[in-house]
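Dear colleague,

Please find the structure below, followed by a summary of what was found in it.

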Amino acid sequence: MLLEYTSTSPEQTLRTAETIAPYLKGGDILTLDGDLGAGKTHFTKGLARGLHIQEVVNSPTFTIIKEYEGILPLYHMDFYRLDDVEAEEMGLEEYFENNGICVLEWAEKISPILPPERLQITIQRVGENKRNIRLEPVGESFIERCKELENHEDISN
Amino acid sequence: MLSNVVASQIQSHKRFGGVVPEIASRHHTENITLIMEQAMAEAEVTFSDLDGLAVTEGPGLVGALLIGVNAAKAAAFAHQLPLYPVHHIAGHIQAARLEREWKYPALALVVSGGHTELVLLHGEGEYEVIGRTRDDAAGEAYDKVARTLGLPYPGGPQVDKLAEEGTEDIALPIAWLEEDSYDFSFSGLKSAVMNTLHNAKQRGEQIEPANVAASFQASVIEVLVEKTKRAAENYQVRQVVLAGGVAANQGLRRAMEKAFTASDVELTIPPFTYCTDNAAMIGAAGHVQWLKGNTAGWELNGVPGLALY
């Protein structure tokens with residue numbers, strides 16, 4: 001199954017993510033792919049807003065992991081700068097098994113330890129401000145929730 | 001400052017063929033002991049000469065923080081020394097006291113790969129964050145633009161160098177945000193650079209990478225310097241400090257010098273070795289904690305999302 005949304009502004013990308021947030025639960029793994037400037041940070045800001053996180057959510061590229069407290073903890077990670085040895089040293093499994101939501105950028109860098117059940121999100125640039133947001137659920141729980149989400153009326157409006 | 005040892009300077013042990021987690025983390029733990037030994041050997045001191053131990057409490061990666069915190073706790077316990085907790089950003093800011101004494105109130109612009117913050121100092125170790133990035137840090141924007149231009153990582157210094165050869169002939173946006181805001185935003189600028197390159201490619205036009213670098217650098221510097229200047233005036237500060245790894249950027253240094261030479265505000269830029277992450281800056285911030293008597297108990301832990309103190 002595949003869900004697709006179109007966004008024509010950073011604010012709309014943010015709102016799309018905000019609509020998805022209530023469908024998430026503790027322990028969820030979300031992979032987030034998209035080119036530089038596609039809106040990955042904006043998408044995560046939207047999730048954070050949906051999780052009632054007050055703190056400013058900014059890019060994790062340099063710090064690798066950023067932690068936020070909301071109605072659920074949010075762990076925003078970017079593995080771009082990580083090598084295999086570092087990935088093993090970070091204790092990522094502890095984050096994955098925690099009761100928070102993990103948003104992973106450049107998840108292919110940690111593919112050996114990536115949990116099999118996950119929501120794969122891709123933001124594709126189709127124009128200067130236009131983006132195609134794709135959600136691909138892997139595993140029964142995510143497929144179920146994506147079906148519910150599909151019936152949600154005003155997503156990304 | 002008697003010694004300032006950085007881990008990458010130590011000959012790293014040959015790694016095994018594959019990844020063996022226990023060995024990898026043991027390697028990390030071994031490193032911290034070696035660094036402590038080397039730092040004290042270079043300084044020609046022993047534990048009995050020390051008045052206390054300072055360690056980074058956060059923010060950062062929990063695994064890295066824990067190794068430092070636990071090593072410091074063990075050493076402090078074994079040698080009956082007080083333990084001083086330090087915030088990473090306070091370290092960057094206090095690197096300035098290795099250069100000269102503070103004149104309060106003061107303002108620090110902390111710019112690195114992970115941080116872009118304007119911090120007001122009301123007095124000794126009294127920090128107030130008045131501005132921060134809402135998306136990418138300045139150093140990170142540099143690295144991402146460098147990636148797009150095909151420059152090797154870390155790209156910040158490369159963009160700075162390339163900018164010297166280019167002309168600022170590409171109109172790029174500057175995010176001033178709300179009129180009274182000292183916050184920053186660099187993701188719009190980053191996207192504008194991508195769009196410019198993308199559109200040129202589609203039209204089959206050539207864009208001089210040096211001009212992209214120069215135009216991008218000009219936009220970043222203008223907003224950093226302008227907001228620092230405005231905050232310096234509004235808060236009537238007597239000193240401005242430029243700290244963090246991006247303080248090595250030639251264009252930024254020049255612009256900051258130009259902005260403050262004619263004013264009564266004293267500008268301090270610590271030497272480069274104290275700008276990138278290092279131990280001396282944590283020692284400098286630890287000194288402030290020592291002056292204030294802010295010791296930590298044995299329950300001290302690494303805190304990934306620690307707020308500035």
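Helices (H or I, at least four residues) and strands (E, at least two) are DSSP runs, numbered from the N terminus. This is a predicted model, in which local features need pLDDT of at least 70 and side-chain atom pairs count only at pLDDT 80 or more, while totals for chains, interfaces and linings use all residues. Residues are numbered from 1 along each chain as its sequence is written, chains are lettered from A and ligands numbered from 1 in the order in which they are written, and side-chain values use heavy atoms, with hydrogens and water left out.

Chain A

Chain A contains five helices and seven strands, and their order along the sequence is β-α-β-α-β-β-α-α-β-β-β-α. Its C-alpha atoms occupy a box of roughly 40 × 35 × 30 Å along the principal axes. The radius of gyration of chain A is 15 Å, which agrees with the value near 15 Å for a compact globule of 157 residues; this radius is taken over C-alpha atoms, and the globule rule is 2.2 Å times the number of residues to the power 0.38.

Of the 157 residues in chain A, 54% are buried. Buried means under 20% relative accessible area, exposed over 50%, and partly exposed in between (1.4 Å probe, protein chains only). Among the contacts in chain A with a separation of 6 or more, 61% join residues 24 or more positions apart, where contact means heavy atoms within 4.5 Å.

In helix H1 (residues 10–20) of chain A, the buried residues include Gln12(A), Leu14(A), Ala17(A) and Ile20(A). The buried residues of H1(A) pack against strand S1 (3–7), helix H2 (40–50), strand S7 (131–138) and helix H5 (140–151) of chain A.

The nonpolar cores

A nonpolar core is a set of buried Ala, Val, Leu, Ile, Met, Phe, Trp, Tyr and Cys residues joined through side-chain atoms within 4.5 Å. The largest has 48 residues, and Leu107(B), Phe186(B), Phe216(B), Leu224(B), Val240(B), Leu252(B) and Met256(B) have the most contacts inside it. Elements of chain B that each supply at least two residues of this core include strand S3 (106–111), helix H7 (209–234) and helix H8 (250–261). The largest share, twelve residues, comes from H7(B).

Leaving aside neighbours within four places in sequence, Met256(B) is in contact with Leu109(B), Val225(B), Thr228(B), Val240(B), Leu242(B) and Leu267(B). A second, separate core of 29 residues includes Leu3(A), Tyr23(A), Leu24(A) and Ala48(A).

Local features of chain B

Thr56(B) belongs to strand S1 (residues 53–58) of chain B and is buried, with a relative accessible area of 19%. Apart from neighbours within four places in sequence, Thr56(B) is in contact with Leu65(B), Val69(B), Val86(B), His88(B) and Ile282(B).

Most residues other than glycine have a negative phi, and most peptide bonds are trans. The peptide bond from Gly58(B) to Pro59(B) is cis, with omega near -10 degrees, and Pro59(B) is found in the loop between S1 and helix H2 (62–78) of chain B. The bond from Tyr104(B) to Pro105(B) is also cis, with omega near -5 degrees; Pro105(B) is in the loop between helix H3 (88–94) and S3 of chain B.

Glu44(B), although not a glycine, has a positive phi of about 55 degrees. Glu44(B) lies in the loop between helix H1 (21–43) and S1 of chain B and is exposed, with a relative accessible area of 72%.

Kind regards
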